[in-house]
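I keep these notes as I go through one structure. The entries follow the order in which I looked things up.

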Amino acid sequence: MSGPSATSAPEPRRRGPVRPLRLLSLRARITIGSTAIAAVVIVLLVLVMRFQVVSVVASATRTLLDADADPYVATLEVDSDPDLSPPGNLQLVAVVSPEGDIVLSTMPNRVERALGSLTSTAAGTSIIRVSGSEYRVVVEHPVNEVGRWTVVAARNSQAEAIVVDDLTSTLSLTGVAILVAFGIASWVLATAALRPVNRMRREAERLSVAPERAELPVGPAQDELASLATTLNAFLARTRQATERERQMVSDASHELRTPLAILTTQLDLASLDGDDAAALAAHIERAKHSVARLSRLANDLLALSRIEESERREQDGDRQPETGWSDLGDEVMAAVDRVRLIASAKDVTVDFDLEAPATGGDTEPRYRIDTGGMAQLVTNVAGNAVAALPRGGGVFVSWRSTDGEGVLQITDDGPGVPESFIPVAFDRFTRPDEARTSRANPDPTTGAIPMPGGSGLGLAIVRAVAERAGGTAALRNVRSGGLEVTVRLPEVE
């Protein structure tokens, strides 16, 4: 028989019962909650008022009892042999002589039997219980020449209880009526308060089939609902922009991918037909490699743009932007230039750089909202495009400097430049000069006389996206002496 297992399966987490209130509508919950609070307040008020009424009635009874006993006390204090007449109005009064004899009494018999014990009690007000009934009594001990007398005035406490109970019943009924009215009012007010929410919900349902630019209505009042509508409209605008960018990217990407894929398919078909011709087969395979390289570059550029946009969305949600010092960015510029030189060496293109350190008064250096990876993308995309466009023996110059509260990355080449009509759309996605859309007429001999396809048209778009994410700008212009100049300006972090 095997022993108990060393480990036992964890018990599934038990969920508590679903609270009934969670199943109700918001209007019902508001009504129930406010009515419950009102009920607690009304109960407390009834209790406080009952306590106050009990105190007032008891005080009034004591005043009446004192009034009943005072005439007899005043007479006994000055007259040793008084002639006492019974009180009227059904007042309960008893006078006991110093010898313990009852001289005067309008008390019930059961109360008279308790008078003997009252003669020895101290003067004041008290409650006595006789045969199941309660009496509030006032005891006075006037003294004259004969001795110490006892005057007792009494009233049945049942009358007090009846008054208090009647008043409590009246207050309770009134409180219930007020509570019902409050509940109805809460329901009506909650309905009125939630009417704009329902209207906003209907508008949101309409937006699902409405034009893309439709927005939720913002009321004239500067209240929470107006703030909610404004926030939701801003969220919808950002969502539309993101969706539009993604849709445009997918559309452009599918259009751009269609041509190289068709070319690659044709090249592979031709290679299969020329399987017996080694030279023709090698040429087809080489062309297919260039098509694959173009597809790979396009995919990498699309991935880079997607990552930049994802970083922007995270920063809008509160993520902290990266900050990098000028010298670290300068080191990355040099490293990126070295990587571009490896590509440029095949065409005898020279790539030089210059770093102009900032003139800071202390040990601190300027910082920018960009990381080293972003700086590498700026240099590699611009300088790489310049190297691809330059003829053999051309040159590229990269400079990184700090001036007037901003970092300036400038990349200049001595190539043919671009058409002036291309400059306004140079940083748009999938845009290229007309010369770049076709294979070059005079390919570099190092390629084996194989035409080189144009770029993806995303390099400068990535440059602008990286610059704008850092709060900066990107611009390009044709240099009068010949060539193209791309300038990226990044503001310093204050």
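Entry 1, helix naming. I take helices, of at least four residues, and strands, of at least two, as DSSP runs numbered from the N terminus. With that naming I looked up valine 176 and found it in helix H4, residues 157-207. The model I am reading is predicted.

I asked which residues make the nonpolar surface patch of about 460 Å². I noted Val176, Val180, Ile184, Trp187 and Val188.

I noted a mean pLDDT of 79 for the protein chain, with 82% of its residues at 70 or more. Residues 1-12 stay under 50, and for them the model has zero contacts beyond four places in sequence. Residues 435-454 are also below 50, but I noted 32 contacts in the model for this stretch beyond near neighbours in sequence. Where pLDDT is low, the predicted coordinates should not be read in detail.

I found five strands in an open sheet, in the order E2-E1-E5-E4-E3, with antiparallel pairing. Strand E1 (residues 92-96) runs antiparallel to strand E5 (residues 150-156), and five bridges join them. In this pair I found leucine 92 opposite alanine 154 in E5. Helix H1 (residues 26-78) packs on this sheet and touches E1, E2, E3, strand E4 (133-140) and E5. I noted that the direction of H1 makes about 150° with that of E5.

Entry 5, a mixed sheet. I found another five strands in an open sheet, in the order E7-E9-E10-E12-E11, and here the pairing is mixed. The twist averages 15° from one strand to the next. I counted six bridges between E11 and strand E12 (residues 484-491), which pair in the antiparallel sense. Alanine 475 stands opposite threonine 487 in E12.

Helix H8 (residues 372-389) lies across E7, strand E9 (395-403), strand E10 (406-413) and E12, and runs at about 20° to E10.

Notes. Residues are numbered from 1 along each chain as its sequence is written. This is a predicted model: local features need pLDDT of at least 70, side-chain atom pairs count only at pLDDT 80 or more; totals for chains, interfaces and linings use all residues. Side-chain values use heavy atoms; hydrogens and water are left out. Patches are made of residues with over 30% relative accessible area and no salt bridge: like charges are joined within 9 Å, nonpolar side chains (Val, Leu, Ile, Met, Phe, Trp, Tyr) within 5 Å. Accessible areas come from the Shrake-Rupley method with a 1.4 Å probe; for residues, only the protein chains shown count as cover. A salt bridge is a side-chain nitrogen of Lys or Arg within 4 Å of a carboxyl oxygen of Asp or Glu. Two strands pair if DSSP finds at least two bridges between them. Contact means heavy atoms within 4.5 Å. Axes are lines fitted to C-alpha atoms, for helices over the stretch in contact, and angles run from 0 to 180 degrees between N-to-C directions. pLDDT is the predictor's confidence in each residue, from 0 to 100.
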